[in-house]
Amino acid sequence: MSARVLTIEDLDLKGKTVFVRVDINTPIDDSGKLMELSRIEEASITLRDLKESKVVVASHQGRVGRPDYISMEQHAEALNKILGGNVKFVDDICGPTARNEISSLKVGEILLLDNLRFMAEENVEFTPEEASKTIFVQRLYKYFDACVLDAFPTAHRAHPSIIGFSYLLPTCGGRLVVKELKALSRILQVAKAPYTAVLGGAKISDRLEAIEALIKNRRADKVLLCGLIANVFLKATGKINYPLGIKDEEKYITKAVSLMEEYPGVFELPIDVAIDRDGERVEVEVDKLKGESILDIGFKTIDKYSRIIRGSGTVFMSGPAGKFEKAGFNKGTEALLKSMASSLATTIVSGGHLNASLQQLGIKDWIDHVSTAGGALVLYLAGKRLPMIEALERAAERFSNKS
Ligand code: 3PG
């Protein structure tokens with residue numbers, strides 16, 4: 001592990017009240033139910049190892065204004081089942097109800113706070129010192145003896161729960177963070193050129209930032225685009241010429257044009273795609289589209305991308321190739337994952353959706369590293385300093401052997 005990070009064993013947490021920041025942000029279905037539990041299962045490993053402490057656990061869920069911006073009640077139920085019945089939920093974060101519950105916690109009990117992003121402060125980026133002065137951190141830090149950071153998928157966000165408590169309290173990394181850092185440092189030692197990044201998913205502004213960072217840091221000789229981000233680049237090249245119906249479309253297209261000009265020969269775009277016609281998957285050449293929603297990459301594109309994957313030294317895939325949860329439109333995602341699994345390249349797969357697909361296909365063990373993180377992992381691979389890792393390094397300097 002290249003970063004110097006304390007672990008649970010480095011702090012004396014027995015009998016103490018511990019704040020644990022996890023990331024159990026989970027995709028939800030149309031009826032508002034959690035679609036899968038992989039991040040909740042991962043988070044339970046650290047919580048299990050804190051059974052001699054009083055544990056206050058917290059996470060964000062979704063983004064403000066989106067359908068996945070919901071309370072943590074279902075997460076608490078799932079966690080309670082996994083951990084065998086000692087998890088309580090409070091529909092508050094740092095108000096009197098939450099503080100009473102924290103004060104009355106007993107050793108072995110776990111209290112899950114509500115969605116941290118219900119507080120405005122948790123949607124804003126701060127410096128560590130500013131974060132330590134937010135209302136949230138100021139109201140709660142006196143109740144805690146220590147902080148455990150285990151939210152690797154949120155490591156790129158400078159939010160109060162990530163960098164505020166760790167500025168004030170003895171802080172260590174949880175099991176997931178330590179596992180990710182160890183695995184990534186091992187993998188990056190053997191990674192070799194040519195590097196290929198396969199990027200899909202729906203978070204366009206994060207993707208654009210990541211693409212530039214990956215190329216600049218020589219982690220992407222080729223970028224194979226799919227998902228919504230591919231549509232932005234297709235529009236930027238003039239291959240599709242109808243509105244995509246996404247917020248800030250013009251701004252993203254301008255950025256895509258400038259990236260393609262600055263890095264010629266790096267980007268590969270779909271040549272054909274799949275659309276839904278009367279409930280059936282239909283393959284269409286990109287230049288024949290007439291405004292239909294693109295739901296997956298097409299078979300010719302799968303073939304072209306798979307050949308590039310097979311010729312790569314290192315392949316990193318983040319985000320599904322299309323609307324993989326819709327029947328018939330998971331073919332691109334699955335085919336690219338299979339090409340990675342059967343290639344001789346060093347392979348890294350990131351994000352909950354791809355993790356679930358690998359499990360369904362039974363090929364997870366064929367990938368060198370599978371991470372629950374999405375955007376945070378891309379930025380880590382691109383060599384960016386992540387606020388949560390910096391917080392852990394600072395805490396290691398300040399609190400070694402001092403708890
Ligand atoms: C993720 O799923 O990538 C993390 O939970 C971070 O979510 P965010 O991009 O909404 O900050």
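**View 1. Val223 stands opposite Phe267 of strand E9.** Welcome to this predicted model; we start inside a sheet. Strand E8, which covers residues 222-225, is joined to E9 by two bridges, and the two strands run parallel. Strands of a sheet pair through backbone hydrogen bonds, in either a parallel or an antiparallel way.

**View 2. Six strands make up an open sheet with parallel pairing.** Reading across the sheet, you meet the strands in the order E9-E8-E7-E13-E14-E15. Which strands stand at the edges? They are E9 (267-268) and E15 (369-371), and each has a single partner strand, so one side of each is left without a neighbour in the sheet. Helix H8, made of residues 175-190, lies across E14 (346-350) and E15, and its angle to E15 is about 140°.

**View 3. The largest cavity holds about 70 Å³ of space.** Rolling a probe the size of a water molecule over the atoms shows where empty space is left. Across the whole structure, the search finds three cavities of 30 Å³ or more. Which residues line the largest one? Look for Leu188, Tyr195, Thr196, Leu214, Arg219, Thr314, Phe316, Ile348 and Leu381. By type, this lining has six nonpolar residues, two polar ones and one charged one. Strands E7 (195-199) and E13 (314-318) each contribute at least two residues to the lining.

**View 4. Ala193 and Pro194 are joined by a cis peptide bond.** Omega here is about -5°. To find the spot, follow the loop between H8 and E7, where Pro194 sits. Most peptide bonds are trans, and most residues other than glycine have a negative phi.

**View 5. Asp248 and Asp278 are two loop residues, in the loop from H10 to H11 and in the loop from E10 to E11.** Asp248 has a positive phi near 60° although it is not a glycine. Its loop connects helix H10 (227-236) with helix H11 (249-262). Asp278 also has a positive phi, near 50°, and its loop lies between strand E10 (272-277) and strand E11 (280-285). Are these residues buried or exposed? Asp248 counts as partly exposed, with 35% relative accessibility, while Asp278, at 78%, counts as exposed.

**View 6. Ile302 is a buried residue of helix H12.** The helix spans residues 299-310. Ile302 has a relative accessible area of 10%, so it falls under the 20% limit for buried residues. Leaving aside residues up to four places away in sequence, Ile302 touches Ile297, Lys331, Gly332, Ala335 and Leu336. Glu334 is 32 residues away along the chain, and 9.9 Å separates its C-alpha atom from that of Ile302.

Methods:
Residues are numbered from 1 along each chain as its sequence is written. This is a predicted model: local features need pLDDT of at least 70, side-chain atom pairs count only at pLDDT 80 or more; totals for chains, interfaces and linings use all residues. Side-chain values use heavy atoms; hydrogens and water are left out. On a 1 Å grid over the protein atoms alone, a cavity is a set of points where a 1.4 Å probe fits but cannot get out, and a pocket is an open set with protein on both sides within 12 Å along at least five of seven lines; lining residues have an atom within 4 Å of a point. Grid points are joined across faces, edges and corners, and a volume is the space filled by probe spheres set on the points. Helices (H or I, at least four residues) and strands (E, at least two) are DSSP runs, numbered from the N terminus. Ala, Val, Leu, Ile, Met, Phe, Trp, Tyr, Cys and Pro count as nonpolar, Asp, Glu, Lys and Arg as charged, and the others, Gly among them, as polar. Buried means under 20% relative accessible area, exposed over 50%, partly exposed in between (1.4 Å probe, protein chains only). Contact means heavy atoms within 4.5 Å. Two strands pair if DSSP finds at least two bridges between them. Axes are lines fitted to C-alpha atoms, for helices over the stretch in contact, and angles run from 0 to 180 degrees between N-to-C directions.
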